[in-house]
Amino acid sequence: MKSKQSADEGLRRTHLTEDGEETSLNRTPTLYLIKPFNPWGSRLCTCPLKYSLHPYTGCSHRCLYCYATSYIGLKDSTPKKDYLRKLRHDIKVINPALPINMSTSSDPYPPEELEHNLTRRTLEMLIPLGLRILITTKSTIFVRDLDLLARGNVALMLTITTLDNTLAAKLEPYAPKPKDRVLALERAIEHGVPVGVRIDPIIPYLNDDPHEIKELISAIASIGVRFIVTSTYKIKPDNFKRMTNAFPELEGKWRRLYYSEGEYVEGYRYLPLTLRKKILQVIIEYAKKEGLNYATCREGLTTKEWFNAKSCDGSHLIPWRIQLNV
């Protein structure tokens with residue numbers, strides 16, 4: 001499917017699909033909600049062309065390590081104003097050949113979704129049109145919508161950073177317990193929804209223990225997960241303040257690793273490359289042993305040793321169940 005010419009060619013990004021057809025991120029620059037995903041122009045981003053869509057602003061999960069709070073603030077999830085009307089508009093002008101990622105910053109399934117139902121209503125609009133949807137979440141509320149997800153062009157990526165409930169309660173204070181997330185994943189797999197897991201971020205001295213990583217990968221592999229993406233914790237000033245307030249005994253070690261020995265890349269403080277490789281190698285080796293495909297996220301590691309999946313975000317998992325009808 002060839003995209004229509006945009007009114008402003010300077011806003012278009014094009015590439016060839018697997019079928020050799022040209023796609024672009026937008027047919028017109030007038031988009032209110034479904035926006036081209038462009039993570040601050042990061043040279044380390046390996047995501048395919050896609051859109052991002054956020055029914056809510058803010059995020060009630062309040063994860064200490066969250067990067068998005070540096071630009072959306074630390075606040076509870078709030079429904080976007082006039083959301084459904086704007087969504088109907090955007091559906092008419094996007095390029096339907098590209099997937100829509102819900103969501104890349106604010107979780108599409110915060111606790112508030114049980115009251116407002118914006119994500120479910122979004123799915124009810126998008127799925128019958130045959131649009132491809134990638135859901136990225138830390139919630140278990142998606143189980144409520146398995147009736148929709150199972151019949152659409154939809155894949156699910158669930159973040160699980162640790163199976164340690166005590167640690168998770170400090171890092172992700174308002175997100176579901178890790179083992180509840182595993183059970184929710186199992187339900188999705190039983191319903192035929194393609195799934196992957198984000199083991200992200202890996203934080204030195206907290207969730208980087210090889211035995212605990214092995215336990216996590218074994219747990220998700222045993223229920224049928226076949227794809228993971230992983231990355232190390234990157235420091236932003238606001239998330240680092242939250243992390244050191246919660247774990248003051250680690251502040252000195254983190255400052256040494258990130259500020260003295262690490263590097264500054266694309267607006268983030270990174271661990272030294274040798275240490276990042278050492279940490280991520282453990283995860284990848286366990287993934288290989290379990291027969292999982294794997295990718296790394298914004299690490300600059302793109303050779304097969306670090307990245308053997310068809311995408312880093314899980315968009316390659318999206319099935320074609322419904323023909324495009326836009």
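Glu172 sits in the loop that links α6 (165-171) to α7 (178-190). Helices here are DSSP runs of H or I with at least four residues, strands are E runs of at least two, and both are numbered from the N terminus. The model is predicted, so local features need pLDDT of at least 70 and side-chain atom pairs count only at pLDDT 80 or more, while totals for chains, interfaces and linings use all residues. Residues are numbered from 1 along each chain as its sequence is written, and side-chain values use heavy atoms, with hydrogens and water left out.

Is Glu172 buried or exposed? Glu172 counts as buried because its relative accessibility is 2%. The cut-offs are under 20% relative accessible area for buried, over 50% for exposed, and partly exposed in between (1.4 Å probe, protein chains only). Leaving aside neighbours within four places in sequence, Glu172 is in contact with His61, Cys63, Tyr65, Lys138, Thr161 and Arg181. Contact means heavy atoms within 4.5 Å.

Asn165 belongs to helix α6. Asn165 is partly exposed, because its relative accessible area is 33%. With neighbours within four places in sequence set aside, Asn165 is in contact with Lys177, Pro178 and Lys179. Asn165 and Ser60 are 105 residues apart in sequence, and their C-alpha atoms are 18 Å apart in space.

Turn now to Ser60. This residue lies in the loop between β5 (56-57) and α1 (69-72). At 6% relative accessibility, Ser60 is buried. Beyond neighbours within four places in sequence, Ser60 is in contact with Lys75, Asp76, Ser77, Pro111, Glu112 and Tyr174. Which side chain forms a polar contact of 2.6 Å with that of Ser60? The partner is Glu112. A polar contact is a pair of N or O atoms within 3.5 Å; within protein, one must be able to donate a hydrogen and the other to accept it, and residues adjacent in sequence count only if both atoms are side-chain atoms. The Ser60 side chain also reaches the backbone nitrogen of Ser77, at 2.8 Å.

Asn95 is placed in the loop between α2 and β7 (100-102). Its relative accessible area is 1%, so Asn95 is buried.

Next comes helix packing. The axes of α2 (residues 83-93) and α4 (residues 118-126) come within 11 Å and cross at roughly 25°. That makes the two helices, α2 and α4, roughly parallel. Axes are lines fitted to C-alpha atoms, for helices over the stretch in contact, with angles from 0 to 180 degrees between N-to-C directions. Angles under 35 degrees count as roughly parallel, over 145 as roughly antiparallel, 65 to 115 as roughly perpendicular, and the rest as oblique. In this contact, Tyr83, Leu84, Leu87, Arg88 and Ile91 of α2 meet Leu118, Arg121, Thr122, Met125 and Leu126 of α4. The contact has seven nonpolar, one polar and two charged residues. Ala, Val, Leu, Ile, Met, Phe, Trp, Tyr, Cys and Pro count as nonpolar, Asp, Glu, Lys and Arg as charged, and the others, Gly among them, as polar. Helix α4 is mostly covered, with seven of its nine residues buried.

A second pair is α8 (residues 210-222) and α11 (residues 273-289). Their axes come within 10 Å and cross at roughly 35°. Pro210, Ile213, Lys214 and Ile217 of α8 meet Val282, Ile283, Tyr286 and Ala287 of α11. By class, this contact has seven nonpolar residues, no polar and one charged.
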